[in-house]
Amino acid sequence: MSDPQKNIDPAAVRSALWARLEGARGRDYWRSLDELAATPEFQDLLEREFPRQAVGWSEDEDPVAGRRNFLKLMGASLALAGMTACTRQPDEHIMPYVRQPENLVPGRPLFFATATTLNGFANGVLVESHEGRPTKIEGNPGHPASLGAADAMSQAAVLQLYDPDRSQALAFNGEIRSWGVFTGALRDTLAQQKAKNGAGIRILTETVTSPTIASQLRTIQQSFPASKWHQWEPAGPHSARAAAQQSFGQPLNTYYDFTEANVVVSLDSDFLNSGHASLRYARQFARRRRMAEHHDTMNRLYVVEPMPTPTGTKADHRLPLRASDVEEFAWALAISLGLAEGPKTGENNDIYKWLGPIARDLQNNKGAGVVVAGEHQPPIVHSIAALMNEKLGNVGKTVFYTDPVEANPVDQLASLQDLVKDLDAGAVELLIILGGNPVFNAPVELGLGSRLKKAKLRVRLGLYDDETSAACQWQVPETHFLETWGDARAFDGTVTIQQPLIQPLYGGRSALQVLQSFTEQPEKSPYDIVKGYWSSQHTGSDFEAWWRKAVHDGLVAGSALPAKTAAVRGEALSARAGGKKLGGKLEVVFRPDPTIYDGRFANNGWLQEVPKPVTKLTWDNAVMLSPATAHRLGVQKGDMLKLTYEGRTLQAPVFIQPGHVNGSATLHLGYGRTHGGRAANGMGFNPFGLRTAKALWQDTGMDAEKVSGNHEFADTQNFHNLETPDRRHIIHKADLADFHKNAEAPHEGAETPPKGLTMYPEWKYEGHAWGMTIDLNSCTGCGACVVACQAENNIAVVGKDQVRRGRHMNWLRVDSYYQGDANDPAIYNQPVPCMQCENAPCELVCPVQATTHSSEGLNDMVYNRCVGTRYCSNNCPYKVRRFNFFLFSDFDTPSLKLARNPDVSVRSRGVMEKCTYCVQRINGAKIDAEKQDRPLHDGEIQTACQATCPSEAIVFGDINDKNSRVSKLKANERNYSLLADLNTRPRTTYLATLRNPNPEIEA
Amino acid sequence: MNPPIYGLMAEFDDPTALVKAARAAREKGFRKLDAYTPFPIEELSDALHLHKNKLPLLVLIGGIVGGTLGYMLQYFVTVIYYPINVGGRPLHSWPSYIIITFEMTILFAALTAVFGLLGLCGLPEPYHPTFNVPRFAMASRNRFFLCIESTDPLFEHDQTAAFLESLEPREVSEVAH
Amino acid sequence: MADELEVIESPSGNKIIAPDYTFGTVTDQIASVVLTKQTPIAVLGTFTVALGLLMTFMLAVGLLFGKGLGIWGLRGPTMWAWDITNFVWWVGIGHAGTLISAILLLLNQQWRNSINRFAEAMTIFAVACAGMFPILHLGRPWLMYWLFPYPNTMGIEPNFRSPLVWDVFAVSTYATVSVLFWFVGLIPDLATLRDRAQNPAFKVAYGILAMGWRGSARHWAVYETASLLLAGLATPLVLSVHTVVSFDFTVGIVPGWHSTFFPPYFVAGAIYSGFAMVLALAIPLRSLYGLKGLITDKHLDNAAKVMMATGLIVGYSYIMEAFAGWYSGNVYEEAAIWNRMTGPYAVQYWILITCNVVAPNALWFKKVRSSPIILFIWSLIVLLGMWLERFVIIVASLAQDNLPSSWRVFESTRWDWATYLGTIGLFLFLFMLFIRLLPMISIFEVRTLLPQAKVDKKESL
């Protein structure tokens, strides 16, 4: 930001600026305008033209910081100043999602199918587009990985698209350059390289599943035989890859099917919430716990893990184990299954206490069980799991193998180290880094930040001008996947052709284009590249029809890879390492962050502010410790620890997580960004600073000592242990066996006043009466619904300081409650939206009738009538109302305006807001039905949270219609109202959660 | 035709003397007379037969009007004009209406009392002849005045003056218009 | 001449007015405060401090309107905290005046005559301070007029079921009636000042305000009826106001709010703090202006007795509250009470218990009641205790209500302090202006206390 003191003559600057635009026309005009936007003069000018005071994200009592933030924000966002008016759809023909599958009813806007990718793996989505503005991402019901659900990260992609901090201009060492100069420079280097077969060319990518990019890379390999392609993905499935080689002697891709699985053993795998098919798994898993009929049965889940995960919270038996002990557990299980030789006991009794029962359970369910090895567990654990699945006859039933989905499944660590070797040797003349952020997330000892500089010409294609860009000369702004064409494969190989929904906001290029510049036709458009590739692959006739269908459906029919059979080789299990000793030190466990992953989403306000599953932490990571370990180290929540591992140290605050294993510390990656953007920088601390190639995921031997200082966490809920018995009856729960004996078991002791017990006459709700059920037995607490709600309802991001003050705005929250010993508690998740009480306490006390009841029983909130007495919130026993203490909604940043849902008003300062059951969707559907002169179908209206829920825990509908799903669920014995004894008559009710413990272990 | 002066005023030192004088004047048949004192004197009111006044009745009416208006306001708004479902409560939630009805009753009654007072006393009254008597200022400190007005049929300057003198006042003075 | 008046010292024994006062001396001494006397340094000092605090208030409110409610410590779930605490505290203080002037008038308590005037003034200023918070605490204060029923095109009117609307009616009625009552009481004294004032400007001003009052027997007759009627109306009103304020809580279903005995409990508390404020003002005033002969130790003694009586009722209410919480067997109520005593607000709770339950018992002793210094300190203790009482009821109950997942401890900000102290500044500012410009003691009513005001029956016949 340039010096505000320096006074400049606006008129002069303006004329100078316009002069630059001379001759620019049409799209070029806009391009030059956004190049222009980044120039300091223009920024100064703008600061002077909009000297408005705004409340910043920082300390509310500090107007100065507020103002400084505002200026930053303006500076960062003005690139769009000229552009807001012209979001147009691409020139090429893209396919609106007109033919809707049954039970999926979007509103009026158009929906387009495309795919988000994580670690290169595709997740099919439908993107809602209002007048050419992508505003909301839903799952694609037709896509095998999504089945209609979408995770938090996929949904937040919309905000990423409009992020004003995105890299906005092509720059050489920070100075803006024209594309001509860039391509010129590139051509020259390539020309030189041509001579030596491209010996100096290195291309560094993340994991690639895109067939098109793969073919491009192959072409480059042909024209530059000596060039090398490296891959690095910090949180990729490294061990699974290695394990496949080790156990099958060939690269293989493994995926599961939980529909038939009665017994599931997770070896530190969070399969319900992370991984390439977690949405699919969550749905399949939940369907086995639906309990529609009283005598239905449930699957049984055993989880061993160090840090509680959503999967852990669903476990019928959860065993906290240090990550490095999981291997011993796997061995021991194999031994008790008679698949290996070895001792049946060990020092750590925890490992052995349940083995017999678990083994018997698996044996009794041959072909109907799964052993899932954690992505972050060493290859041997995967091999053992593979062996068990094989011997238990699960392969082909619940476990499937296919050829690898990745274009080139190499050992990425080796690949990266190889690159480093070449860098040191000075052999790298042209280094092209496509996406990723290796400088930030490569193993620390590689010191990539400085080493990269050894490459002569360094070109970086990236969404952000980040840590890696800082180490490169050329920063090429990358187009967001919603802005360009592309393709990617899903967990089972299914191909999705990604289509753009909007013209690139900041210009930019896609990886396809950069790679294309190595070829004879460098200017070929992404559309032509992708379509060209597929037409070359297409065998049958009528490619156009095929293309249209593929793009329209969001997947290429029949592109899933065929299942293979493979046997685990004997020598795979030869090496057995003994359980590692702690020796008074701590175990360090690295895990990708549940919301911002490896840091790539660090600048995404939605993902920063959605409370992380289980911990409920926002805007931060921490040293996760068990209560016992914290006590041993003499630290409280928020105290600072000095961590020392392999001679490197890191200071980080302590967060005490009940259920975390003792003697171990979990560090979530992705925080501590320095060039991440406004929301990312300075948040949390950076565990990559301790992460070496030796231990990508876990290792013993970390020292921790308390140091001075205290850290304020912005967590949205404190640890709360339900009294036993839970006298408030917040979570109704029972064991499956007891439930089978007595349907009332879950509601033991809870009282619900009879309907007649009131002075008032009944209100009649003719026509529709909306209601909702939330199945606690299915909910994994992943938080996808929270982000869905935020995106759908234009909910503001308030920033860390405000969250710390309890002013977060999420309409829907997921509470977690604990029960039992703080070191090994049972954990319950409970999503809490507005209960839409029929006897709403909030309405009674509002002095201006800003919140009243609709004829369909909705507890309406009339924003423009609200004067902000906040009495309603005080009188709401569920505390689901959110208040705009400041002007939280961003009315300044043009790009963020594009992200808004036009059907929902953007709330201003001083107004109360709350969940409305997505009333805009209700009315949209009612209008459609009316236009077509037909009644509404059940399931036609889906609230945002419901539509996105991977485990289908949320069901919404008309309770006046006795045949609607929601009516049937409300008739289920497990149905109950939260705080029913207050007689508020909630329209949102819960289905009690059930555990299905192994009788042998319970005994 | 307007009499030359407003009346004659006698000044006394203490309430007892004044009351005595007032009684005497009434017995003498004077009706158009008034007394001026620094504080209210019970006995003076019976001496001058001033007990009846309409204020209580006015206040009662004011109260009734206020209460009725208060309840009507709420009834019409919630039942007739804007029948909105608030928290599942009946439209006509009479128990909730009691308070506002009560407050409106008090408010109207109180306003009637105050403006009734001013009305019955004819206040504000920018000019009054009694103030032409220099010593009358003491009426708001420690002196007690009896004034016989010239409009009284029995009023005759010299005799009335003599009569007043007979009451042994501190001093008798003419009250000019 | 008034200046030469030597201070007539308060009589030992319990007279409500010193002997050897005459109509003249009473009049001159009280009038002199306004008309001739030099304002004491102490008063000027207090005035300056008050002015400073008032400026702080302006700043705080400016920022509040500029940036939003977030500058206060409010947060989920404590959406009310200092704002409503201050409101209830001030309204409570605003009870003593009308109580003294109305109820004691009906009960024919003559000692009220010399303290009702400034007590009423105090009431009005306290209500003015209180009245600001319902506006300041709004998210969108510029729309506060939506709380009043008025013909509009929005197709909606206030919700007459909401206690906040009841508040609007109760407090505004109370303010109006108090002002009228006060002004009616002032009329004869304004006439006195009109006739005493030397400075022509003042003469004119008081003249206009006196509206030509001349102490006519006819007028006095109506005047007496009016005062009685107003007293009769104000009595139920003053009791209703804090009852309605307590409805803000009892109508809510928040554990710790939702109980039936709040109205008497709150009214008692209001009178308790009201009398504390009366003492806190009377004790310094009477010595500064040498009015010990008019505001005698008897007055202080009586006020102290009222304070103690109401204090005991308040103490009883605390016990009832705890008992009801336990006896209800309602898990939320039990938890709410338990949280108050042991939770994050235990400190405030036990301080308030000390101030409101333990402290008043000292007033059993004549020695304490007859020592102005101690009484002054005690009244401040009571004021503190009553503020804390409201704070604990509001914040402790909200911070930990039905669903533990939403529990969160409240933290105040510097702007909470600024706003609160600011209103104290405003209050003192107005009060200082009052004692300088209007007779702080009702002259004509004090005259009636003098023996020579009695009419000798036989003599007069």
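Reading rings, a sheet and a buried residue

Me: C:Phe427: is this residue buried or exposed?

Reply: Buried means under 20% relative accessible area, exposed over 50%, and partly exposed in between (1.4 Å probe, protein chains only). C:Phe427 is buried, at a relative accessible area of 1%. C:Phe431 is likewise buried, at 1%.

Me: On what basis are such values given?

Reply: This is a predicted model, in which local features need pLDDT of at least 70 and side-chain atom pairs count only at pLDDT 80 or more, while totals for chains, interfaces and linings use all residues; side-chain values use heavy atoms, leaving out hydrogens and water. Residues are numbered from 1 along each chain as its sequence is written, with chains lettered from A and ligands numbered from 1 in the order in which they are written.

Me: How many aromatic pairs does the structure hold?

Reply: Rings of Phe, Tyr and Trp (its six-membered ring) pair if their centres lie within 6.5 Å; planes under 30 degrees apart count as stacked, over 60 as edge-to-face and the rest as tilted. The structure holds 78 aromatic pairs over all chains. In the case of C:Phe427 and C:Phe431, the ring centres are 6.3 Å apart and the planes stand at 15°, so this pair is stacked. The two residues are 4 apart in helix α15 (residues 414-437) of chain C, about one helical turn. Helices (H or I, at least four residues) and strands (E, at least two) are DSSP runs, numbered from the N terminus.

Me: Which residue lies over the face of A:Trp697?

Reply: A charge sits over a ring if NZ of Lys or CZ of Arg is within 6 Å of the ring centre and within 35 degrees of the ring normal. A:Arg691 lies over the face of A:Trp697, at 4.5 Å from the ring centre. A:Arg987 lies over A:Tyr765, at 4.7 Å from the ring centre.

Me: In what order do the strands of the open sheet in chain A run?

Reply: Two strands pair if DSSP finds at least two bridges between them. Here 3 strands form the open sheet in the order β1-β2-β3, with antiparallel pairing. Strands β1 (110-118) and β3 (133-139) of chain A are at the edges with a single partner strand each, so one side of each lacks a neighbour in the sheet. Strand β2 (residues 121-130) is joined to β3(A) by 6 bridges, and A:Val125 stands opposite A:Gly139 in β3(A).

Me: Where does A:Gln193 lie?

Reply: A:Gln193 belongs to helix α6 (residues 179-195) of chain A and is buried, with a relative accessible area of 1%. Contact means heavy atoms within 4.5 Å. Not counting residues up to four places away in sequence, A:Gln193 touches several residues, including A:Phe224 and A:Glu429.
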